[in-house]
Amino acid sequence: MDHRAVNQAERINSSKSPVLEYCGGAVSPEMQPPKLLWVKENLPESWSMASRWMDLSDWLSYRATGDDTRSLCTTVCKWTYLGHAHMQQTNENDSRDMEALGWDDDFW
């Protein structure tokens with residue numbers, strides 16, 4: 001398994017972010033937020049060139065269909081997306097305010 005992002009995972013876990021309450025209290029280095037922080041910190045040129053990041057299952061679906069619809073399972077389980085909070089949003093404006101329910105801009 002790829003464990004290059006151990007330091008990033010430890011840093012995220014020490015943040016005590018409320019997001020951690022929804023993933024068992026801690027992220028592992030195999031989850032996407034630590035991996036993305038590792039890329040940002042160690043491969044800044046790659047980070048700046050990327051227009052999107054995808055889990056393998058979502059990439060395969062995208063390549064097969066051309067539809068950039070993500071799996072709720074992978075976004076919740078590996079990306080720490082708060083799907084339950086998003087489901088409670090009643091309109092598009094509330095939906096755009098989802099950043100308040102996840103990682104803030106300073107995180108990235």
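Residues are called buried when their relative accessible area is under 20%, exposed when it is over 50%, and partly exposed in between (1.4 Å probe, protein chains only). Helices (H or I, at least four residues) and strands (E, at least two) are DSSP runs, numbered from the N terminus. The structure is a predicted model, in which local features need pLDDT of at least 70 and side-chain atom pairs count only at pLDDT 80 or more, while totals for chains, interfaces and linings use all residues. Residues are numbered from 1 along each chain as its sequence is written, and side-chain values use heavy atoms, with hydrogens and water left out.

The chain contains 7 helices and 0 strands, and its pattern along the sequence reads α-α-α-α-α-α-α. Of the 108 residues in the chain, 30% are buried. Contacts are defined by heavy atoms within 4.5 Å. Among contacts between residues at least 6 apart in sequence, 48% join residues at least 24 apart. The accessible surface of the chain comes to about 7,300 Å², and 53% of this area belongs to carbon and sulfur atoms. Accessible areas were computed by the Shrake-Rupley method with a 1.4 Å probe; for residues, only the protein chains shown count as cover.

Helix H2 spans residues 32-42, and its buried residues are Gln32, Pro33, Pro34, Leu36, Leu37, Trp38 and Val39. The buried residues of H2 pack against H1 and against helix H3 (44-49). Within H1 (residues 6-14) lies Gln8. This residue is buried, with a relative accessible area of 5%. When residues up to four places away in sequence are not counted, Gln8 touches Pro34, Leu37, Trp38, Glu41 and Asn42.

The loop between H1 and H2 includes Lys16. The phi angle of Lys16 is near 60°, a positive value in a residue other than glycine. Lys16 is exposed, with a relative accessible area of 67%.

Trp59 belongs to helix H4 (residues 56-65) and counts as partly exposed, at 39% relative accessibility.
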